[in-house]
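These are my notebook entries on one structure. I record what I looked up, entry by entry.

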Amino acid sequence: MSVLFITIEILLAIIIVGVVLLQKSSSLGLGAYSGSNESLFGAKGPAGFLAKFTIVLGLLFLANTIFLGYQLNTQQQKSVFDTAKPAESAPLNAPLNAPLDSGLNQPLQGTLTQPEQ
C-alpha cells in the first residue's frame, strides 16, 4: 500500500513543478507559452486558476506526506534512540564540577612591572 502512496507523491511533485513553471512571473519564464489558454480561462488568463490549482496540489502533497510519514513510522518496531550507542568519548562518571586543566582558571603569577622610560 505504501508503494501506491509513494507513487502518488512522486506524481504530485512532478505536477506541482509543471504547474509552477507555467505560471507567469516577472521574467516570463515558461508562462509566456500560456497565451493559448486565455480564451479558455477568461480575460485574465490562467493566472487565477493556476494559483488555486497549485494550492490544491500543495495541500494534497502535504496530506500525502503526513500520511506516508505516519504509515512508515507505525511499521517501525524500534526507534532510532533504541539502537543508538552511548558516546564513548565522554566518561559517564565524571563529576560535573571538575576543574579545567587549561590553566585559564589559575590566577596570574609574578608581578607586573611598568616599562622603563
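Entry 1: I began with phenylalanine 49, which counts as partly exposed at 43% relative accessibility. I use buried for under 20% relative accessible area, exposed for over 50% and partly exposed for in between, with a 1.4 Å probe and protein chains only. Phenylalanine 53 is likewise recorded as partly exposed, at 32% relative accessibility.

Before going on, I note that the model is predicted: local features need pLDDT of at least 70, side-chain atom pairs count only at pLDDT 80 or more, and totals for chains, interfaces and linings use all residues. Residues are numbered from 1 along each chain as its sequence is written, and side-chain values use heavy atoms, with hydrogens and water left out.

I then asked how many aromatic pairs the structure holds. I found two. For a pair, I require ring centres of Phe, Tyr or Trp (its six-membered ring) within 6.5 Å; planes under 30 degrees apart are stacked, over 60 edge-to-face, and the rest tilted. Phenylalanine 67 is partly exposed, at 32% relative accessibility.

Phenylalanine 49 and phenylalanine 53 form a stacked pair, with 5.8 Å centre to centre and 5° between the planes. They are four residues apart in helix 3, and therefore separated by about one helical turn.

**Entry 2: the chain as a whole.** I counted four helices and zero strands in the protein chain, taking both as DSSP runs numbered from the N terminus (helices H or I, at least four residues; strands E, at least two). Buried residues make up 13% of the 117 residues. I define contact as heavy atoms within 4.5 Å. Of the contacts with a separation of 6 or more, 72% are between residues 24 or more positions apart.

**Entry 3: helix 1.** I read 21 residues for helix 1 and a reach of 30 Å from its first C-alpha to its last, close to the 30 Å expected at 1.5 Å a residue; the expected span is 1.5 Å times one less than the number of residues. Which residues of helix 1 are buried? I listed Ser2, Phe5, Glu9, Leu12, Ile16 and Val19. Down the helix axis these fall within an arc of 105°, so they line one face of helix 1; the arc is that of the directions from the axis to the C-beta atoms. On the face turned away from the buried side, I noted the exposed residues Val3, Leu4 and Ile14.

**Entry 4: the core.** The largest nonpolar core has five residues, namely Leu12, Ile16, Val19, Leu50 and Leu57. By nonpolar core I mean a set of buried Ala, Val, Leu, Ile, Met, Phe, Trp, Tyr and Cys residues joined through side-chain atoms within 4.5 Å. Helix 1 and helix 3 are the elements that give two or more residues to this core, and helix 1 supplies the largest share, three residues. Leaving aside neighbours within four places in sequence, I found leucine 57 in contact with Leu12, Ile15, Ile16 and Val19.

**Entry 5: glutamine 71.** I located glutamine 71 in helix 3. Is glutamine 71 buried or exposed? Glutamine 71 is buried, with a relative accessible area of 14%. Apart from neighbours within four places in sequence, glutamine 71 is in contact with Met1, Ser2 and Phe5.
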